[in-house]
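Subject: Handing over the structure

Dear colleague,

I am passing on the structure below, and I would be glad if you kept it open while you read the notes that follow it.

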Amino acid sequence: MLEITDIVTSYGKIEALKGVSLSVAPGKITCLLGPNGAGKTTTMMTVAGLLKPRRGNIAFEERNITGRDPGHIVQSGIALVPENRLVFPDMTVHDNLRTGAYSRSDDEIEDDIARMFERFPRLHERQEQHAGTLSGGEQQMLAVARALMARPKLLLMDEPSLGLAPLIVEEIFRIIRDLNAEGTSIFLVEQNVHQALKVAHYFYLLEQGRVTFGGSPGDLEEDEVIQRAYLGSAEQT
Amino acid sequence: MEFVDYLQAVTDGVMQGAYYALIGIGFTLIFGVMNKINLAYAAAAFGGAYASLGVAALIGTGDDFGLPPLIMFLVSAIAAGLFAWIVYTICFRFTPDHYELATLMATVGAFFLIEEIAVHSTAGEPMDFPEVLQGIVDDPMIEFSDAFAIRGDLLTIFLLALIAMGLLLMLLYRTKLGLATRAVAQQRTAAQLCGISVDRTNATTFIIAGVLGGLAGAMIGAAVGVLSPLLFVPLTVKGLIVTVIGGLGSIPGAIVAGLLVGGLENVFLALRGITERDMYVMLLLFLFLAFRPQGLFGKKAVRD
């Protein structure tokens, strides 16, 4: 569904991604794990079009989307739930959702908002409240709902459990599983290895800008994944 | 001075404050969306007013203004919108985003460029601008007593400004364009992820601000009776003061602060005369910066 081939993305002279290749299968949950600074967020931002890769190729449903702007990418069916949620703080919850549907021009936007409120009752209660006044968990729900308003075929999620209480983390992962069961493909970056391996169909390990492992959760002992996701491989450090 | 004199001064001032408010809104809109100051803004606004004089001169003959004043307001608004877009393209579109001094200095340059063009094309002479109520009503004063009256032209300008502000708020809060503008102002990265073009939104914001400025420029021309390049600097300074007092990025703040500065300014004028008036307005700015730097409606801390 999403094919990333040998992409290099750099900040100035520093290469954050040094030739990353991976693929995301349709209808599955694919996780990208790795220590801080490995380039996970850079990968997400490159796919979403916020960063332009210096070289390499990104294809979505067989169409080349390398270096296209974010508006084009969201319209082709990829939406990103960004790290730190990035809700519009001085907009109401309802307006946040409308903004999520900005790329659409159909007349089912309000119906979709109603559906989001069914899925996230907490947002329904707070629909006229400014997003900046919501709790961290509620903001995360809102960020997910806002991304879903674009009706993506592939949902990118960058550390959705970051800074949230364990119960809320459970709920976020339940939502991820539900969305996937309904047919949305998911590409997830996570620090919470244990939870991520529970939901993932496939996972990749990213270390220092390179993919060092790709496979199914059973292929590697969880302890080793945790070791490498938090600390990196011994031979690389 | 008696109470009624203060009342008269404040009333006139608040009505004239309407165009300070419009200029302040322009500065604040651009700051809100781009986090940058456009110092050429008031100059471009007057550019619009001059353009409306030019159009009127092309149509009219001799002493006669070729256009009714209210049409001139419209021409001024459209021309200023165009000039604002040009300023955006020259000063912001291609200058590095992370280097804020670059755009600031570019707008200083644009300010002087516009001012020079105005000076050269009018030989530095003030140009007559038609009064708003010219030929519409005989007695342009609404008199309540010997000591208190409302100037009909100022009232017209005031009401026009209120309508313009109302339309702006509708645009911002009732349309998809407004949604995009607010989104870019509040969280630029997320706005991009929603498919909003930051560049197009910035350009549109400049045009909207320019239209308001053009309206204000024509209003000032109509209220003062003349247009002169000597107005450019004072209006830029007043606009910035209004923006700071209202709270950077706050539209209601700019409206309230515009009317407040207009009213107080006229009281200072009545008490101390034209030569000292602006000193007190400046003092007001420093008081705000010292004791309430976030302004009337600004936020204390800015969220990332």
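How many bridges join strand β3 of chain A to β8(A), and do the two run parallel or antiparallel? Strand β3 (residues 29-33) and β8(A) are joined by 5 bridges and run parallel, where helices (H or I, at least four residues) and strands (E, at least two) are DSSP runs numbered from the N terminus, and two strands pair if DSSP finds at least two bridges between them.

Before going on, please note that this is a predicted model, in which local features need pLDDT of at least 70 and side-chain atom pairs count only at pLDDT 80 or more, while totals for chains, interfaces and linings use all residues. Residues are numbered from 1 along each chain as its sequence is written, chains are lettered from A and ligands numbered from 1 in the order in which they are written, and side-chain values use heavy atoms, with hydrogens and water left out.

To stay with β8(A), the bridge partner of Leu32(A) in that strand is Val189(A). Strand β7 (residues 154-158) of chain A also pairs with β8(A) in the parallel sense, over 5 bridges, and there Leu154(A) stands opposite Ser185(A). Between β7(A) and β8(A) the chain passes through helix α7 (residues 166-181) of chain A, and this β-α-β crossover is right-handed, a term which means that, with the strands pointing away from the viewer, the path from the first strand over the helix to the second runs clockwise. Strand β8 of chain A, residues 185-190, is mostly covered, with 6 of its 6 residues buried, where buried means under 20% relative accessible area, exposed means over 50%, and partly exposed lies in between (1.4 Å probe, protein chains only). Ser185(A), Phe187(A) and Val189(A) point one way from the strand, whereas Ile186(A), Leu188(A) and Glu190(A) point the other way.

Pro35(A) sits in the loop between β3 and α1 (40-48), and it counts as buried because its relative accessible area is 11%. Leaving out residues up to four places away in sequence, Pro35(A) touches several residues, including Leu206(A), Arg228(A) and Tyr230(A), where contact means heavy atoms within 4.5 Å. Arg85(A), in the loop between β6 (78-81) and α3 (93-100), has a positive phi of about 70° although it is not a glycine. Gln208(A), in the loop between β9 (202-207) and β10 (210-215), likewise is not a glycine but has a positive phi, of about 50°.

Turning to chain B, you will find 11 helices and 4 strands, and buried residues make up 51% of its 304 residues. Its radius of gyration, taken over C-alpha atoms, is compared with a globule rule of 2.2 Å times the number of residues to the power 0.38; chain B has 19 Å, which agrees with the value near 19 Å for a compact globule of 304 residues.

With kind regards
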